[in-house]
Amino acid sequence: MCGIVGYVGARQAVPLVLEGLRRLEYRGYDSAGLATIQNEELVIRRAEGKLSNLERLLQEQPVNGYIAIGHTRWATHGAPCQRNAHPHVDCRGDLAVIQNGIVENFLPLRQELLAQGHRFLSDTDTEVIVHSVEEEMCNGRNLVEAARRAFSRIKGAHAIVLLSRQEPDTLIAARIGNAGGVIIGVGEGEMFIASDIPAILEHTRRMVFLEDGEMAIVCAQGARFLKLDGSPLSKSSIEIPWDPVSAAKGPYRHFMQKEILEQARSTTDTLRGRIDFASGQVELPELNLPPEDARTIDKIIIVACGTSAHAGLVGKFMIEKLARIPVEVDYASEFRYRDPLVVPHMMVLAITQSGETADTLAALEEARAKGARTASIVNVIGSMAQRISDGCILMHAGPEIGVASTKAFTASLVDLLLLAAYLGQARGTLSRHDSRQLAQHLAELPQLVGNVLSDGYNDYRALVEEFQHCEHFLYLGRGINYPIALEGALKLKEISYIHAEGYPAGEMKHGPIALIDRNMPVVTLAVRDNVYDKMISQIEQVKARSGIVIAVCHADDEVVRAKADYVLRIPYTDPLLTPILAVLPLQLLAYHLAVRRGCDVDQPRNLAKSVTVE
């Protein structure tokens with residue numbers, strides 16, 4: 001959950017950058033660092049651990065300058081330590097870079113740069129960026145062109161800021177894909193860069209938001225913008241209202257919209273430091289479950305409520321597939337009232353965004369009292385669920401303010417997959433080859449999420465115009481995507497007040513088929529998996545009864561496109577990751593319908609973000 005801050009202007013830069021990083025501490029991190037130019041030299045200060053360690057280092061070894069970049073790092077490639085902390089520098093000490101994201105092709109780039117004579121001082125993927133810029137400059141290109149060419153070569157989603165000793169009044173920022181925001185703050189004779197609004201809001205309310213494939217060349221008097229292909233770009237600043245709630249929304253109309261569109265970043269953040277993308281090995285140290293203990297688990301019960309329960313149902317498929325452990329999913333609100341059979345060698349896993357849901361906490365207490373090992377997947381650091389569990393997996397999704405959960409749901413799915421892989425590796429049911437393949441799919445996932453969420457990927461306007469007055473929807477799915485039908489229906493009813501039901505598609509003929517007519521749209525999850533042919537059959541049965549079909553399908557699926565009335569496209573990925581992509585268009589469909597119907601999207605009637613009473 002990296003934080004990025006930059007400054008160039010007439011004030012001392014280091015205190016401003018440190019202050020901005022402090023405002024981003026909620027994002028989570030394991031090291032911090034900054035770079036500035038002092039007496040025409042590039043100076044780096046980095047420290048493992050909390051920001052206070054960096055501040056202590058700066059008291060012992062003070063630096064001054066009118067330009068600086070700062071970073072808080074959550075480890076992906078390379079252990080959390082001083083030498084892996086950002087910023088990273090080139091061989092000559094001329095360039096420094098900070099980055100948020102995962103360089104998917106870092107191994108071939110690193111090998112190429114090593115062959116060209118570059119020296120690497122860290123284990124990170126980020127370091128290939130600064131050496132790539134250095135190589136371009138060695139070939140005679142100026143800083144901007146060298147950065148542009150280097151940035152164009154890296155794969156994955158990234159937010160990058162570059163500082164050069166040779167141009168001590170300039171910062172270069174870029175956003176590639178959806179690894180998090182890059183915000184340019186416009187001041188009077190000074191400019192700011194940040195990954196999130198709170199870092200710089202005290203100093204300016206005028207901000208420019210970079211989009212995918214855009215660069216900013218920033219100096220004290222302003223910024224110019226261009227695309228990664230080199231073409232110039234005109235961008236306007238947005239005035240952020242001076243009030244904390246509105247400011248947190250940034251340019252978005254609703255928190256829910258913001259949180260839906262943040263899912264590429266939250267996916268990246270929940271993966272950070274937990275999987276080695278080269279070997280596929282998963283590490284979950286906060287789970288407090290050594291491999292030898294993982295091998296003793298003979299059953300898992302997942303307890304959760306609402307959206308988290310739907311995540312648990314997806315997790316059941318993941319864990320049983322990869323770890324071959326039987327999994328039961330129980331509503332936390334029902335768990336303790338039926339005198340559940342909890343025995344030794346059983347794990348009870350709670351999923352809760354807030355970590356304060358009363359029913360879920362009660363279920364955890366019941367499991368502890370009966371002697372089970374407990375664990376939690378939770379978003380809020382220091383919450384009760386985290387404190388009372390034997391171990392936890394933090395979502396690192398960032399604050400989720402909209403009542404209807406979106407990014408916490410997809411973060412939970414990623415965490416459940418990591419848990420399944422960790423258990424499978426510990427128990428010998430997931431091979432090294434399969435681990436590496438899964439890691440590759442996970443490395444690509446944030447970019448795929450960003451693609452689905454990008455403007456124009458799917459057209460929701462036609463759907464909203466056609467169905468805004470409908471009062472009933474049916475959602476159908478099978479296998480691992482059946483819980484996504486449940487979640488899609490829940491999102492629609494939560495925020496648009498349209499009655500919607502999620503159903504296993506194979507059960508349609510056992511009742512729901514009687515409801516199908518032209519006035520009840522049917523949303524089907526018809527992706528190419530082991531039950532694809534069955535879903536095609538369900539679509540044909542709906543059409544035979546004059547039903548209207550909205551199909552979530554793979555982007556190149558012409559068969560479903562020909563049979564359905566409307567399609568919502570998603571890219572292909574491993575079937576275990578498909579639910580993460582499949583839910584995204586259902587979130588957006590619910591959001592746009594609710595907005596059109598004039599509903600209070602962020603605070604739906606009768607609902608609370610965290611249910612802290614039974």
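The model is predicted. Carbon and sulfur atoms give 80% of the roughly 2100 Å² buried between domain 2 and domain 3.

**Domain 2 against domain 3**

- The protein chain is divided into domain 1 (3-241), domain 2 (254-445) and domain 3 (460-597).
- The centres of domain 2 and domain 3, taken over C-alpha atoms, are separated by 26 Å.
- Domain 2 brings 26 residues to the contact, and domain 3 brings 23 residues.
- The area buried between domain 2 and domain 3 is about 2100 Å².
- H310, F317 and L445 supply 22% of the area that domain 2 buries against domain 3.
- Four helices each supply at least two residues of the side of domain 2 that touches domain 3: α7 (255-261), α10 (306-322), α14 (407-427) and α15 (432-453).
- Helix α10 gives the most to that side of domain 2, with 9 residues.

**The 5-stranded parallel sheet**

- General point: strands of a sheet pair through backbone hydrogen bonds, in either a parallel or an antiparallel sense.
- An open sheet of 5 strands runs in the order β22-β21-β23-β24-β25, and its pairing is parallel.
- Its edge strands are β22 (499-504) and β25 (566-570), each of which pairs on one side only.
- Neighbouring strands in this sheet are turned by 20° against each other on average, with direction ignored.
- Strand β21 covers residues 472-477 and strand β23 covers residues 522-525. The two pair in the parallel sense over 3 bridges.
- L474 stands opposite V522 in β23.
- Helix α17 (residues 482-496) lies across β21, β22 and β23. Helix α17 runs at about 175° to β22.

**The 7-stranded antiparallel sheet**

- A second open sheet has 7 strands in the order β5-β6-β7-β8-β12-β13-β14, with antiparallel pairing.
- Strands β5 (88-89) and β14 (232-233) form the edges, and each pairs on one side only.
- Strand β7 (residues 158-164) pairs with strand β8 (residues 171-176) in the antiparallel sense, over 6 bridges.
- A159 stands opposite R175 in β8.
- Helix α4 (residues 127-138) lies across β5, β6 (95-101) and β7. Its angle to β6 is about 135°.

**Backbone points in loops**

- The peptide bond from H86 to P87 is cis, and its omega is near 0°.
- P87 is found in the loop between β4 (67-73) and β5. Strand β5 (88-89) is an edge strand of the 7-stranded sheet.
- N288 has a phi near 55°, which is a positive value in a residue other than glycine.
- The loop that holds N288 lies between α8 (263-271) and α9 (291-294).

Technical notes. Residues are numbered from 1 along each chain as its sequence is written. This is a predicted model: local features need pLDDT of at least 70, side-chain atom pairs count only at pLDDT 80 or more; totals for chains, interfaces and linings use all residues. Side-chain values use heavy atoms; hydrogens and water are left out. Two strands pair if DSSP finds at least two bridges between them. Axes are lines fitted to C-alpha atoms, for helices over the stretch in contact, and angles run from 0 to 180 degrees between N-to-C directions. Contact means heavy atoms within 4.5 Å. Domain bounds come from an automatic or database domain assignment. Buried area is the accessible area (1.4 Å probe) that two parts lose on being put together, summed over both.
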